[in-house]
2 protein chains.
Amino acid sequence: MKRPALLALIVFAAVMALVLASSPPAGRQPVALLITGGTVVTMDGAGTVVPDGAVAIEGSRIVAVGPAEALEARYAARERIDARGQVIMPGLINTHTHAPMVLFRGLADDLALMDWLNQYIFPAEKAMVSPEFVRVGTRLAALEMIESGTTTYADMYYFEEEIARATRDAGLRAVLGQTIIRFPVADAATPEDGLARTEAFLIQWASDELVTPAVAPHAPYTLAPETLKATRALANRYRAPLLIHLAETRDEVGLVADQFSMTPAMFLDSLGLWNGPSLAAHGVWVDAADMEMLAERGVGMSHNPESNMKLASGTAPVLDWLAHGIHAGLGTDGAASNNDLDMFEAVRMAALLHKQASGDPRAMPARQALELATRGGASALGLEDRIGSLEAGKLADVITVSMTSARQTPLFDPLSHLVYVTRGTDVRNTVVHGRVLMRQGRTITLDRAAVIRDANAMAAKVRAAVTGQESR
Amino acid sequence: MKRPALLALIVFAAVMALVLASSPPAGRQPVALLITGGTVVTMDGAGTVVPDGAVAIEGSRIVAVGPAEALEARYAARERIDARGQVIMPGLINTHTHAPMVLFRGLADDLALMDWLNQYIFPAEKAMVSPEFVRVGTRLAALEMIESGTTTYADMYYFEEEIARATRDAGLRAVLGQTIIRFPVADAATPEDGLARTEAFLIQWASDELVTPAVAPHAPYTLAPETLKATRALANRYRAPLLIHLAETRDEVGLVADQFSMTPAMFLDSLGLWNGPSLAAHGVWVDAADMEMLAERGVGMSHNPESNMKLASGTAPVLDWLAHGIHAGLGTDGAASNNDLDMFEAVRMAALLHKQASGDPRAMPARQALELATRGGASALGLEDRIGSLEAGKLADVITVSMTSARQTPLFDPLSHLVYVTRGTDVRNTVVHGRVLMRQGRTITLDRAAVIRDANAMAAKVRAAVTGQESR
């Protein structure tokens, strides 16, 4: 290298060093948003927790995570969120729900599964499900999710394009599966119609930055083998993920065994259904061979503890899933069987349920339960390189959670509190893709009063449809 | 009857009819407090729910429960609570806790029981338990209970006279048991000291209108038979109830069987321990003969679903308790093993756990779960004639619960929502013995900031005691 070139390099290096080390406002790197002053629970692979920390965001990405003082010195933020007394953490990931079913929550409980379905849910769906119903329900679900700290969700329902629009407008991230099922349903008279609708949906939403369109064959026992194969082929043609219910009840295992002499998981494997990105919900009744196969195929699995308990479906062997190396996330299931979309409840329930079921108080410790709802869920949905933890370069899906209630006093360990004593109501700020959806408890992308009013109006029609009388 | 007398009677009746029918303020009966405009979930024997209802309170008692319009016409209230958009219901009854242990919440979780006790809880208690610790902890617990809708609680701890004072000052109702145990503890070197302390406590608090002092032998395996007998004798001498842990773990059953060849319940029965008002906490490992005997003796039982799950103690056969006619209530247990005192969580957990454990989605329906936390708890504590439901003549322990969150929209059935989607954070007003302890979310009897500050200061000492370093 010639001397002038070397000199120039030295000068350049010195200037760069000065720029990087300087802290006056003029020298700081501009960023869109700085969330600062709280305990950052990153949920990264090393379990990093930064006591008085901050997260810097530019555009849709996280630029830096670290001590507040260091980030304040390095970045000049156009917008700030004060998170003192709060935890700053990745947004929660709900890997299985049916968003519009919030409009059926509490309509009927405590019934045998088939009575519940046949007397309430199916008649209500038959009478009610329409693009408007789905839109109104999704907006209510989005409001609840934003307020309780869910930033990404996976959905299986009808008129999924309405769900996609409402989700994008609310600013949430989602993997949305258009349902395909054997019976005539509101948006498709036949499974063939369903496949055609799904294809149109995949094309229409192919390049959205928040919504990933998906194919959602309902379940192994509600579709013919040929249709199941067609759903996988369709998904792969458009590089879309596939979402399906799997082994939720003992009855399902019996039905599939009677017809095909296989477990539901193996039956689907025999059709090649797992040959591509897949998420299976419930997996309550999977055996060791199923789990080995599902892990090998890279199938993500969604554990729904509250729904499984409320419907008495059984206890999913989640500790065994994890021992087999399955990518596992948590879900709420639809609000008709939960009855809410609060992922903090799902986390706590997972932590308690697997201690009870295993008889071991060390099972499913707080960190592991919280991992299911963050990095685990991201991984189950194939999004682990983009979301699920607070790390520079990942998408900016961040929530802040208040830690100052009587119930959260004293605070020895934020992980323990997040799992055992925190509620969705403690969430104060919700950011998705770098956009603030809720600021200090106030939703920005949704008109709260209008969403609730529209939901109540629709609920009056639901009650009329089910009972023949108008609700309040 | 003579004509003048008859005339006088007719005039008197006409005047009375006018007085009763008139609604001008002057003609209305004065009452201290009218809680009005909400859906009244009375939890009475008939399951009465009054949609646009009200509760009238004078002194410490409920005067009337009914439609808001009727009560507004009949009563002139000096103070009013507007409960529109809310449920008005009896305050929740926590039948088993150790209030000051809120200062240990989240200190250590997810450990084997003996590690948890020996490495954390016992050293922390040895180092920390003092009158001041108990006072600071009880005030924090009282704040949490008032804010989350608990109006009566049963407690077993040390320095119970400090707990009694803090409870009375906070305005809560309680059955408070001074603990007697074989080992030296902070407030007694020997069980004999413990008995003497307890006797003084029973005398001192004999006639308090909020606090019922009680005798609390720790458990069948932590006291000698003679001491257990002495606790019953002491309780009966002062007509005080007795509180005890019973059959919480399999280990306990083994210990008692090894020594006495009986179940814990039968062992205690052989000592005459159930010969008087008694409340047994946990009862996870009771068999059919135990339950028959406990029902016959009228022993109240406290089910603690979250603690039993978190410590993996087993699943209490609560459906069998109820089938045997046992008076059953719900409890949180101490916050070190829960980790909070939110009775709405206990209710939801009971509803879900017994569906899961029985495999029947119809088990423990919403109303039954809520009954455990209200009339059931009252009955378990022998207070069913005074609290547990909203009925004229009962003591005025009333809460109001907001029902307008996204999570509670739409509202088809208030019972369902109270169990499946409501949190302690939804409670807005708490009234005990006719006194308003929290009004529209603002605590009146406790200085919130001071309580939290004192608790955090004490927690710093707890951390130092356990880890040798000060907490934040």
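Trainee: Strand E12 (residues 300–303) of chain A runs parallel to strand E13 (residues 327–330) of chain A. What makes these two strands a pair?

Mentor: Four bridges join E12(A) to E13(A). Two strands pair if DSSP finds at least two bridges between them, so the term applies. One bridge links A:Met301 to A:Ala328 in E13(A). Helices (H or I, at least four residues) and strands (E, at least two) are DSSP runs, numbered from the N terminus.

The model is predicted: local features need pLDDT of at least 70 and side-chain atom pairs count only at pLDDT 80 or more, while totals for chains, interfaces and linings use all residues. Residues are numbered from 1 along each chain as its sequence is written, and chains are lettered from A and ligands numbered from 1 in the order in which they are written.

Trainee: Which way do the residues of E13(A) point?

Mentor: A:His327 and A:Gly329 point one way, A:Ala328 and A:Leu330 the other, and all are buried. Buried means that 20 or more other C-beta atoms, placed from the backbone, lie within 10 Å of the residue's own. In a regular strand the side chains alternate between the two faces of the sheet.

Trainee: Why are E2(A) and E3(A) called a pair, and what lies between them?

Mentor: Strand E2 (residues 49–58) of chain A and strand E3 (residues 61–67) of chain A are antiparallel over six bridges, and the cut-off is at least two, so they pair. They form a hairpin with two residues between them, and A:Gly59 in the turn has a positive phi of about 60°. A:Val55 stands opposite A:Val65 in E3(A).

Trainee: Why are the two copies said to be related as by a two-fold rotation axis?

Mentor: Chain B can be laid on chain A with an RMSD of 0.0 Å by a turn of 180° and a shift of 0.0 Å along the axis. The copies are therefore related as by a two-fold rotation axis. The superposition is by least squares on the C-alpha atoms of residues with pLDDT of at least 70 in both copies. The same surface serves both copies, as 100% of the contact residues of chain B recur in chain A. Residues are in contact if their C-beta atoms, placed from the backbone, lie within 7 Å.

Note on methods: A residue is buried if 20 or more other C-beta atoms lie within 10 Å of its own, exposed if 12 or fewer, and partly exposed in between; C-beta atoms are placed from the backbone. Two residues are in contact if their C-beta atoms, placed from the backbone, lie within 7 Å.
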